2 protein chains.
Amino acid sequence: MSGTVGGRLVEALRREGVRHVFAVPGDYVLGLAARVERDLALVTMRDEQGAGFAADASARLTGLGCALVTYGVGGLKLVNAAAQAWAERSPLVIVSGAPGVAERRGNPLLHHRVKGFDTQRRVMDEVCAHSAVLDDPDRAPAQIAEALAVARRRMRPVYLEVPRDVERAPAPALPGPGPPAPGPDAAALEEALEEVAGLIRAAERPVMVAGVGVARLGLADQVRTLAAHLGMPIATTLLGKSAVPEDVAGVAGVYAGGMGRPEVARLVEGADLLLMLGAELTDLNTGLFTARIDPARVVAAGIEDLHVRRHAYPAVGVAAVVEGLLGRGLPARPAGPGTAAGPAPAFDPRPGAPLRAERLFACVGSRVTDRLTVIAEAGDALFGAADLPVGEGGFLGAAYYASLGFAVPAAIGAGLARPGRRPLVLVGDGAFQMTGIELSSAPAAGVAPVVVVVDNGGYATERPMIDGRFNDVPAWDHPGLVAAIGAGWGVTCDTEDAFCRALDEALADGSRPRLVAGRIPPDDISPALRRLTGALARRVR
Amino acid sequence: MSGTVGGRLVEALRREGVRHVFAVPGDYVLGLAARVERDLALVTMRDEQGAGFAADASARLTGLGCALVTYGVGGLKLVNAAAQAWAERSPLVIVSGAPGVAERRGNPLLHHRVKGFDTQRRVMDEVCAHSAVLDDPDRAPAQIAEALAVARRRMRPVYLEVPRDVERAPAPALPGPGPPAPGPDAAALEEALEEVAGLIRAAERPVMVAGVGVARLGLADQVRTLAAHLGMPIATTLLGKSAVPEDVAGVAGVYAGGMGRPEVARLVEGADLLLMLGAELTDLNTGLFTARIDPARVVAAGIEDLHVRRHAYPAVGVAAVVEGLLGRGLPARPAGPGTAAGPAPAFDPRPGAPLRAERLFACVGSRVTDRLTVIAEAGDALFGAADLPVGEGGFLGAAYYASLGFAVPAAIGAGLARPGRRPLVLVGDGAFQMTGIELSSAPAAGVAPVVVVVDNGGYATERPMIDGRFNDVPAWDHPGLVAAIGAGWGVTCDTEDAFCRALDEALADGSRPRLVAGRIPPDDISPALRRLTGALARRVR
């Protein structure tokens with residue numbers, strides 16, 4: 001049976017390290033769902049949006065994640081998740097069932113069809129790096145292998161469509177692992193390394209910025225070794241937060257222009273050479289372009305190419321640059337005057353004091369350990385979390401594309417990707433209303449996240465821009481909700497000490513999902529968002 | 001202020017009869033959201049998926065519906081809803097905010113961006129009939145008018161993208177209503193009518209099938225007049241259910257091949273002429289092609305063109321055909337031997353009898369009145385509801401594209417579209433887990449649906465095809481859920497009498513949303529689905 005197209009797909013996913021497939025079944029994909037349930041592990045989610053985000057999180061943490069859905073009504077619910085995976089460099093593999101090749105003859109009006117049978121693929125081509133319809137069993141194994149290779153190499157989403165009759169057709173063996181992807185042209189790489197090495201030697205106050213590419217490509221150890229050798233302090237970015245652990249010496253924390261902590265901005269903007277590794281100059285990474293960085297002092301090595309000052313080396317990626325610089329025998333230098341984020345300060349709750357955003361984040365920060373993976377939802381949960389020093393446990397956030405609804409389903413993907421670490425979610429009440437019910441998928445998946453709901457009655461990041469009733473969300477009884485959907489136990493807190501105690505209890509009980517809602521005033525925002533809103537308001541008005 | 005692009009958009013929507021705009025705000029659309037909240041009516045939903053479905057329902061019932069979302073993370077969550085609107089002929093207007101024209105210069109990495117600034121529009125072009133980016137204030141009013149006209153004429157979704165700086169730019173007046181859309185060529189129409197009239201005169205057992213186009217174009221009265229004059233019984237389709245009221249003489253109810261009631265199949269398949277008005281031969285409309293219809297006996301007038309036997313008249317639409325036949329002085333005929341669906345039989349619950357699907361639908365059917373709009377979710381809720389005779393209150397169901405998650409948000413759109421009628425939702429527990437929390441949006445919208453959850457522990461339509469744990473969904477405490485999200489009051493019932501009593505209480509309390517969950521065995525399905533599953537299983541295996 002494994003010698004079928006579906007069997008080859010499962011085999012290829014397994015070979016590439018995929019251990020869990022996140023799914024919502026539907027009639028065009030039932031055969032494949034049954035096969036994955038039997039031969040790999042199928043994790044069902046409540047809605048395709050949740051499956052997409054869970055698989056995205058898994059992809060970010062394991063190097064390849066997979067979502068399995070049905071045609072049309074399944075696949076087209078995943079467009080937003082795929083777009084986020086594209087924008088934030090996540091190797092997400094979307095597998096969609098589809099009407100059988102035989103069923104399509106005569107162009108009938110089969111259910112879930114839109115303009116034509118190729119509509120879904122055409123849509124996916126707009127947000128994915130690669131797509132293939134497996135309509136020929138003989139070619140399918142090669143198509144599968146190629147798609148997974150593209151996802152890994154480009155750190156982008158790919159799309160595979162499996163007609164349901166082809167799924168069970170016999171197929172040849174998968175191609176062997178094949179030669180590694182062609183590296184950059186050796187001469188171009190040598191020229192680039194020579195130039196970058198020269199800039200490093202000449203610099204007096206060089207600073208390294210470790211971005212999302214460092215996390216995706218698993219370069220953290222090499223980057224830290226390089227920085228230590230060269231005496232360069234390291235900053236991270238919002239999207240690349242925890243690309244290197246932030247609670248160790250030499251790591252300054254998140255640089256985000258005028259939004260980040262001022263001492264990190266002074267460090268980065270005062271550098272005479274910025275070695276940006278896997279970091280992208282997005283608006284959120286640069287505090288909505290409040291960053292003051294002179295391009296003449298920047299070396300930016302991305303996942304796929306290198307920019308030095310104002311010129312580019314195509315196909316020279318960050319992995320080759322880091323490896324090349326390590327092997328280059330650059331002179332060692334003592335650590336310069338950096339600024340370390342350091343561990344979070346201890347937090348002493350003031351009994352009975354009404355909870356405020358700043359204190360909520362401070363309390364959470366004081367509880368972060370390496371046994372937790374912090375997942376922050378876009379909005380003030382993300383901005384507030386930017387200041388928390390996160391160590392080996394890691395951090396996930398949709399910090400560029402910034403789709404709401406990511407964090408709770410991502411916790412399920414993250415929990416399965418790293419069984420030794422518990423997901424700690426920070427999410428606003430507005431975003432929680434989008435996908436919070438995916439917590440209901442956690443118990444069957446064997447994941448027990450801790451979810452902190454920042455409950456401020458609406459979309460707090462929007463209020464300083466333009467406010468109206470449209471920024472309000474209905475009040476939910478969060479503990480009642482998690483009880484109703486069988487997702488553990490929750491509590492709502494209004495004071496510092498109640499919140500802190502509830503969080504400690506939640507962290508102590510790893511047996512089930514736990515939710516702690518912290519109620520704060522609607523106009524109360526994190527220190528980071530306070531720094532940011534001035535810039536945002538100027539941009540909108 | 002109304003002389004701005006945003007003002008013209010609101011003015012145009014209002015002129016076309018749009019009274020409510022369904023939205024999730026986001027920073028690129030805040031200005032427009034504030035304007036709609038002030039000058040029209042903004043109904044906020046919990047997630048963009050819900051906004052899309054609510055607007056789709058509004059479009060189906062009022063002739064034009066509008067969803068308002070932000071760029072990327074908003075618009076790309078609407079692709080599935082737009083695809084459904086395309087497939088099921090719903091005039092849905094999607095308005096998306098977007099980065100300002102000035103912001104886009106230099107191609108910066110603004111948040112919510114994917115491959116390029118045109119990604120979202122390119123995606124929407126795959127699932128919409130028309131799109132426009134309002135990047136020039138001078139042209140915007142004409143672009144707006146054209147988009148709304150296309151939506152109305154083609155009964156398809158359209159997409160408008162509004163850069164946030166253009167939204168507040170001064171704009172010229174809207175063009176006047178303009179000449180009506182060009183009708184079909186007069187000679188082609190005359191030729192078509194002559195041929196169809198000849199077929200009608202020659203037929204001995206003609207039957208009319210009223211489909212979705214009759215509902216969308218508001219042709220019900222004309223169609224009934226024509227049928228009565230010609231003595232033709234009328235059947236409807238699954239997608240066009242309630243295109244004409246089913247509880248009156250001469251209306252046989254839903255024809256759906258081997259899935260529908262056998263007496264309707266005998267009537268339709270025994271006809272020597274089928275006059276199909278606004279009906280499409282989709283797989284679900286024909287019981288997965290179990291219909292036995294001879295194309296040589298079919299006249300099919302669609303929204304945009306006419307097919308007579310095996311030839312076509314392009315641009316001759318059903319509205320012109322119906323009007324032309326009415327004006328043609330065809331000889332009146334007495335009603336032939338039809339089969340009337342008639343009113344639902346009374347339902348006597350058996351005290352203490354465990355609830356079963358067949359009895360659940362029978363109970364609901366006995367309670368349907370013209371003061372209720374019945375909304376059935378795809379799956380067994382839809383199949384079970386197909387047999388219910390629905391009158392003037394109307395019926396909504398995603399009966400071709402068949403996306404799960406439609407029914408609950410659709411109830412909010414429907415309730416606002418028809419304030420005198422209360423939405424009665426039939427939804428499976430699996431689909432309810434996708435978007436059921438949109439009930440939380442109902443109280444602020446002033447809508448109080450009655451939601452019947454058919455609680456069978458999973459995806460019942462899939463189990464007869466291929467079963468596995470993937471078809472199970474977690475058990476929810478539905479009453480606890482609605483209480484937690486501030487969406488009225490609910491109850492779960494296991495017996496016939498408890499269910500019937502709870503439904504009666506819910507129908508008697510119009511002050512708030514009411515939920516009645518009817519628990520039935522996992523393998524228990526409606527009579528209609530029992531008829532259908534044979535065909536489905538044969539197709540999948």
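Which residue in strand 19 of chain A is the bridge partner of Cys493(A)? The partner is Gly518(A). This is a predicted model, in which local features need pLDDT of at least 70 and side-chain atom pairs count only at pLDDT 80 or more, while totals for chains, interfaces and linings use all residues. Residues are numbered from 1 along each chain as its sequence is written, and chains are lettered from A and ligands numbered from 1 in the order in which they are written. Helices (H or I, at least four residues) and strands (E, at least two) are DSSP runs, numbered from the N terminus.

**Parallel sheet of chain A**

- An open sheet of six strands in chain A has the order 15-14-16-17-19-18, with parallel pairing; two strands pair if DSSP finds at least two bridges between them.
- Strand 15 (395-397) and strand 18 (489-493) of chain A are the edge strands, each pairing on one side only.
- From one strand to the next, the twist averages 15 degrees.
- Five bridges join strand 18 of chain A to strand 19 (residues 514-519) of chain A in the parallel sense.
- Helix 19 (residues 496-508) of chain A packs on this sheet and touches strand 17 (450-455), strand 18 and strand 19 of chain A; contact between two residues requires their C-beta atoms, placed from the backbone, to lie within 7 Å.
- The direction of helix 19 makes about 170 degrees with that of strand 19 of chain A; axes are lines fitted to C-alpha atoms, for helices over the stretch in contact, and angles run from 0 to 180 degrees between N-to-C directions.

**Mixed sheet of chain A**

- Seven strands of chain A form an open sheet with mixed pairing, in the order 9-8-7-10-11-12-13.
- Strand 9 (251-254) and strand 13 (311-314) of chain A each have a single partner strand, so one side of each is left without a neighbour in the sheet.
- Neighbouring strands of this sheet are turned against each other by 15 degrees on average, direction ignored.
- Strand 7 (residues 206-210) and strand 10 (residues 273-277) of chain A pair in the parallel sense over five bridges, and Met208(A) has Leu275(A) as its bridge partner in strand 10.
- Helix 8 (residues 186-202) of chain A packs on the sheet, with strand 7, strand 10, strand 11 (298-301), strand 12 (305-308) and strand 13 among the strands touched, and its direction makes about 40 degrees with that of strand 12.
- Helix 11 (residues 262-269) of chain A lies across strand 7, strand 8 (234-236), strand 9 and strand 10, running at about 110 degrees to strand 9.

**The two chains**

- In the interface, 69 residues of chain A are in contact with 69 residues of chain B.
- Elements of chain A that each supply at least two residues to this side include helix 2 (30-39), strand 2 (42-44) and helix 18 (478-484).
- The chain A side divides into 39 nonpolar, 16 polar and 14 charged residues; Ala, Val, Leu, Ile, Met, Phe, Trp, Tyr, Cys and Pro count as nonpolar, Asp, Glu, Lys and Arg as charged, and the others, Gly among them, as polar.
- Chain A is superposed on chain B by a rotation of 180 degrees with 0.0 Å of shift along its axis (RMSD 0.0 Å), fitted by least squares on the C-alpha atoms of residues with pLDDT of at least 70 in both.
- That is the relation of a two-fold axis.
- The same surface serves both copies, as 100% of the contact residues of chain A recur in chain B.
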